[in-house]
Amino acid sequence: MIDMIREIAERLRGMRDVLAISEEEMAVVTDLSVEEYRVYESGDRDFPFTFLYKAAHHFGIDLTELTTGESPHLTGYTIVRSGQGMPIRRRQGFEYLNVASRFRGRIAEPFIVTAPYVEGAETAELIMNRHEGQEMDYILSGTLRMKIGEHEEVLNEGDTIYYDSGLPHGMVAIDGEPCRLLAVVISHS
């Protein structure tokens with residue numbers, strides 16, 4: 001895992017250098033201070049999904065290229081078998097499986113996400129993120145507490161929420177078990 005983080009950091013730094021983008025500009029793009037941005041680019045801290053998504057979008061490259069160093073190459077269709085996909089472990093034990101990482105020219109990033117249950121999650125302060133575009137989350141199993149802006153919702157198996165992901169949003173599994181969901185992140189461009 002540490003090697004993978006350092007490899008992503010090298011690609012991040014390399015893309016920034018090739019495109020002549022300053023650390024200050026990337027800090028603004030990723031909603032971080034310059035110091036926080038530098039920690040990520042040094043490879044000393046694991047990357048949140050939102051950071052990677054914003055950086056790849058700003059560089060004009062596919063998320064797969066930034067995270068793996070490989071370009072997606074399939075067109076027409078791609079199949080990802082149950083439990084497979086490109087894994088991304090991010091943010092407090094959240095696990096993401098990108099189920100279209102090999103498809104070239106995606107207009108959406110679909111993930112199977114597992115949100116871990118953490119004791120006290122029902123009342124804990126949520127970590128909020130935001131990114132350009134829209135998002136749809138469909139609950140496959142478990143229960144999810146979600147906050148979008150000032151609104152808070154509880155979603156159960158079979159529920160769907162669609163929202164402007166530019167609004168601050170955060171989520172956590174509740175009711176004593178992990179929550180699995182299909183999350184589809186849709187870019188405006």
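Student: What makes S5 and strand S8 (residues 169-174) a pair?

Tutor: In this predicted model, S5 and S8 are joined in the antiparallel sense over six bridges. Two strands pair if there are at least two bridges between them, so six bridges meet the rule. Within that pairing, Ile 148 stands opposite His 169 in S8.

Student: Which other strand pairs with S5, and over how many bridges?

Tutor: Strand S6 (residues 151-156) pairs with S5, in the antiparallel sense and over six bridges. Leu 155 in S6 is the bridge partner of Leu 144. The hairpin of S5 and S6 has two residues between the strands, and Gly 149 there takes a positive phi near 60°.

Student: Why is S5 called largely enclosed?

Tutor: Buried means under 20% relative accessible area. Six of the six residues of S5 (residues 143-148) are buried, so the rest of the structure largely encloses this strand. Thr 143, Arg 145 and Lys 147 point one way, while Leu 144, Met 146 and Ile 148 point the other way, and all are buried. In a regular strand, side chains alternate between the two faces of the sheet.

Student: Which residues touch the most other members of the largest nonpolar core?

Tutor: They are Leu 12, Phe 47, Phe 111, Leu 144 and Met 146, in a core of 40 residues. Helix H4 (residues 49-59) gives the most to this core, with seven residues. Leaving aside neighbours within four places in sequence, the contacts of Phe 111 include Phe 49, Ile 88, Tyr 96 and Leu 181.

Student: How many aromatic pairs are there, and why is the one of Tyr 40 and Phe 51 called tilted?

Tutor: The count comes to five aromatic pairs. For Tyr 40 and Phe 51, the ring centres are 4.8 Å apart, within the 6.5 Å limit for a pair. Tyr 40 is in helix H3 (residues 34-42) and Phe 51 in helix H4, 11 residues apart. Both residues are buried.

Student: And what makes Tyr 96 and Phe 111 edge-to-face?

Tutor: Their centres are 5.6 Å apart and their planes at 85°, which is over 60, so the pair is edge-to-face. This pair links strand S2 (residues 94-98), which holds Tyr 96, with strand S3 (residues 108-115), which holds Phe 111.

Student: How do you know that Arg 45 lies over the face of Tyr 40?

Tutor: Arg 45 is 5.2 Å from the ring centre, and the rule asks for a distance within 6 Å as well as a position within 35 degrees of the ring normal. Arg 45 is listed as lying over the face of Tyr 40.

Key. Residues are numbered from 1 along each chain as its sequence is written. This is a predicted model: local features need pLDDT of at least 70, side-chain atom pairs count only at pLDDT 80 or more; totals for chains, interfaces and linings use all residues. Side-chain values use heavy atoms; hydrogens and water are left out. A nonpolar core is a set of buried Ala, Val, Leu, Ile, Met, Phe, Trp, Tyr and Cys residues joined through side-chain atoms within 4.5 Å. Buried means under 20% relative accessible area, exposed over 50%, partly exposed in between (1.4 Å probe, protein chains only). Helices (H or I, at least four residues) and strands (E, at least two) are DSSP runs, numbered from the N terminus. Contact means heavy atoms within 4.5 Å. Rings of Phe, Tyr and Trp (its six-membered ring) pair if their centres lie within 6.5 Å; planes under 30 degrees apart count as stacked, over 60 as edge-to-face and the rest as tilted.
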